[in-house]
Amino acid sequence: MEKRIGKKEKWLALLCSAMVLICLLIGCGLRIDKPGQSDNDTAEKKDSDSLAAENYITVGFSQLGAESDWRSANTESMLGTFTKENGYDLEYKNGQQKQSNQITAIRMFIQQEVDYILLAPATEDGWDSVLGEAREAGIPVILVDRMVNTSDKNLYSCWVGSDFELESKKVTAWIKAYTESKNIDPADLHIVNIQGSIGSTAQLGRSRGLANAARDNGWDLMAEVSGDFTETKAREVMEALLKRFDNINVVYCENDNEAIGAISALESAGKKVGSDIANGEIMVVSFDGVNEKALAYAREGKIACIAECNPLHGPRVEALIEAIERGETPDKFNYVDEKIYSYIDDISQITVDDVTYDVEKP
């Protein structure tokens with residue numbers, strides 16, 4: 001990456017130029033009026049405001065939408081970080097779950113000549129053209145939460161977010177450890193997966209992790225259906241799955257909102273939600289650990305296990321911008337350390353890829 005001239009350096013250069021100009025004007029005998037003495041006051045104030053505005057780092061943030069409590073917390077973290085008080089001029093656009101809206105927003109940011117573009121992409125594919133336009137304009141793009149699938153990785157500067165497949169490996173390792181502790185035959189696990197938004201990085205990683213674990217452990221993965229990361233859609237999906245299958249005993253939900261919707265459908269159908277699947281209960285597992293209702297369900301035993309997905313990326317993205325402003329090249333991929341939660345005392349630790357993780361209380 002070529003060294004980027006920082007905003008502070010440009011500000012100092014502009015300030016020095018302004019001081020030199022003032023000295024020249026004074027030397028030429030030009031009278032500089034005091035406030036209230038000249039009709040030029042308004043123009044001078046505008047010039048001062050313009051100089052102050054130049055000191056902000058301008059940022060365009062394209063958020064994919066507001067489909068979940070995780071997304072809302074992520075947006076709040078970003079908006080709370082990129083404020084005027086912190087030295088930023090932020091342009092925020094909600095994509096409303098539509099990639100076309102996000103592409104339009106990015107092109108607007110390019111026209112506005114922002115210093116940085118922050119993108120939380122709706123899906124992984126379809127970004128090459130607009131990211132190419134940003135690169136031609138010399139605007140660094142930082143990906144937040146989800147990744148993009150591009151032929152040229154240099155179309156974006158860096159990415160920060162979660163290892164979604166690792167999250168899945170933690171949950172499936174917990175399921176394996178728990179069912180083995182209860183002497184439950186792997187073939188007796190009948191699992192349905194309520195997936196997230198199809199094509200998103202979170203969905204791809206969490207679905208892949210479950211599919212691999214089911215194959216390796218001999219579990220019966222009966223169905224995979226998208227719930228779009230929403231409570232309402234997940235409730236509808238769960239209702240339909242109960243009509244298709246009468247032996248479901250594990251519901252793998254790819255976020256907390258889906259888990260809440262699934263539990264609502266299960267209980268409305270007269271099912272008992274819990275971890276005692278050997279005696280007819282239906283186990284629900286989830287991801288995120290942000291929604292307060294989901295955490296309460298975990299403490300009650302209605303959600304057996306939750307893999308944390310930390311949404312507070314604002315300060316992390318700011319640290320990446322600060323590194324670029326200093327002329328540094330940040331790491332391409334910046335993963336967040338995350339936990340796993342369960343109310344069940346039986347399993348205190350799990351091991352994934354030779355790394356041991358403590359199972360904490362929600």
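Predicted model: local features only at pLDDT ≥ 70, side-chain atom pairs only at ≥ 80, totals over all residues.

Modeller: In general, an α-helix has 3.6 residues a turn, so residues three or four places apart point the same way.

The length of the helix can be checked. Helix α9 runs over residues 256-268, and at 1.5 Å a residue its 13 residues should span 18 Å. The end C-alpha atoms of α9 are 18 Å apart, which agrees with that expectation.

Next come the two ends. At the start of α9, N255 has a side-chain oxygen that reaches to within 3.4 Å of the backbone nitrogen of N257. After α9 comes G270, which has a positive phi, near 85°.

Now for the rest of the chain. The chain has 362 residues, and buried ones make up 49% of them. Its secondary structure consists of 11 helices and 14 strands. Among contacts in the chain with a separation of 6 or more, 70% are between residues 24 or more positions apart.

H190 belongs to strand β6, which covers residues 190-195. H190 counts as buried because its relative accessible area is 16%, under the 20% cut-off. The side chains of H190 and D220 are joined by a polar contact of 2.9 Å. Apart from neighbours within four places in sequence, H190 is in contact with D220, M222, N247, I248, N249 and V250.

Last, the empty space inside. Rolling a probe the size of a water molecule over the atoms shows where empty space is left. A search of the whole structure finds one cavity of 30 Å³ or more. The largest cavity holds about 90 Å³ of space. It is lined by 13 residues, and those closest to its centre are W70, R71, A202, R206 and D288. The elements giving two or more residues to this lining are α3 (69-81) and α7 (201-217). By type, the lining of the largest cavity has five nonpolar, two polar and six charged residues.

Terms used
Residues numbered from 1 in each chain as written. Heavy atoms only, no water. Helix = DSSP H or I, 4+ residues; strand = E, 2+ residues; numbered from the N terminus. Buried < 20%, exposed > 50% of the residue type's maximum accessible area, 1.4 Å probe, protein only. Polar contact = N/O pair within 3.5 Å; in protein donor to acceptor, adjacent residues only side chain to side chain. Contact = heavy atoms within 4.5 Å. 1 Å grid on protein atoms, 1.4 Å probe; cavity = no way out; pocket = protein on both sides within 12 Å on 5 of 7 lines; lining within 4 Å. Points joined across faces, edges and corners; volume = space filled by probe spheres on them. Nonpolar A, V, L, I, M, F, W, Y, C, P; charged D, E, K, R; others polar. Expected span 1.5 Å × (residues − 1).
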